[in-house]
Amino acid sequence: MVHIPDILADSEYKQLEAAKLGRWRTMIGVPLLREGTPIGALTLTRSVVRPFTDKQIELLTTFADQAVIAIENVRLFDEVQGRTR
């Protein structure tokens, strides 16, 4: 998980032009992990400096976990469909 409370104040953030164009100041990214391997990410941004709360981070992490389960279920369904055709 990456949580940047203020992008413009973070010296390690390298996509300042994108942040300015998108008008975001606060950002959080949570990986979608399938068996420990990243398959994507969920990213949220805010146009104001307002860090995400622990509860919001927990909710986003739970949502990411559920998204991975849904993606995996579709993959398995497609695999079974392919075998039964």
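Contact here means that heavy atoms lie within 4.5 Å. This is a predicted model, in which local features need pLDDT of at least 70 and side-chain atom pairs count only at pLDDT 80 or more, while totals for chains, interfaces and linings use all residues. Residues are numbered from 1 along each chain as its sequence is written, and side-chain values use heavy atoms, with hydrogens and water left out. Helices (H or I, at least four residues) and strands (E, at least two) are DSSP runs, numbered from the N terminus.

**The sheet and its helix**

- Three strands form an open sheet in the order β1-β2-β3 with antiparallel pairing, where two strands pair if DSSP finds at least two bridges between them.
- The edge strands, each pairing on one side only, are β1 (2-4) and β3 (37-46), and the twist averages 10° from one strand to the next.
- Strands β2 and β3 run antiparallel and are joined by nine bridges; I28 has L44 in β3 as its bridge partner, and L33 has P38 in β3.
- Helix α2 (residues 54-84) lies across β1, β2 and β3 and runs at about 35° to β2, the axes being lines fitted to C-alpha atoms, for helices over the stretch in contact, with angles from 0 to 180 degrees between N-to-C directions.

- T26 belongs to strand β2 (residues 26-34) and is buried, with a relative accessible area of 0%, where buried means under 20% relative accessible area, exposed over 50% and partly exposed in between (1.4 Å probe, protein chains only).
- Not counting residues up to four places away in sequence, T26 touches H3, I4, P5, I7, L44, T45, R46, V48, V49, R50, P51 and F52.
- A polar atom of the T26 side chain lies 3.0 Å from the backbone oxygen of V48.

**A charge over a ring**

- Two of the residues that T26 touches, R46 and F52, also meet in another way, as the charged end of R46 sits over the ring of F52, 4.1 Å from its centre; the rule asks for NZ of Lys or CZ of Arg within 6 Å of the ring centre and within 35 degrees of the ring normal.

**Positive phi in the loops**

- R23, in the loop between α1 (16-22) and β2, has a positive phi near 60° although R23 is a residue other than glycine, and at 66% relative accessibility R23 counts as exposed.
- E35 lies in the loop between β2 and β3, whose hairpin has two residues between the strands; E35 is not a glycine, yet its phi is positive at about 55°, and at 76% relative accessibility E35 counts as exposed.

Methods: Polar contact = N/O pair within 3.5 Å; in protein donor to acceptor, adjacent residues only side chain to side chain.
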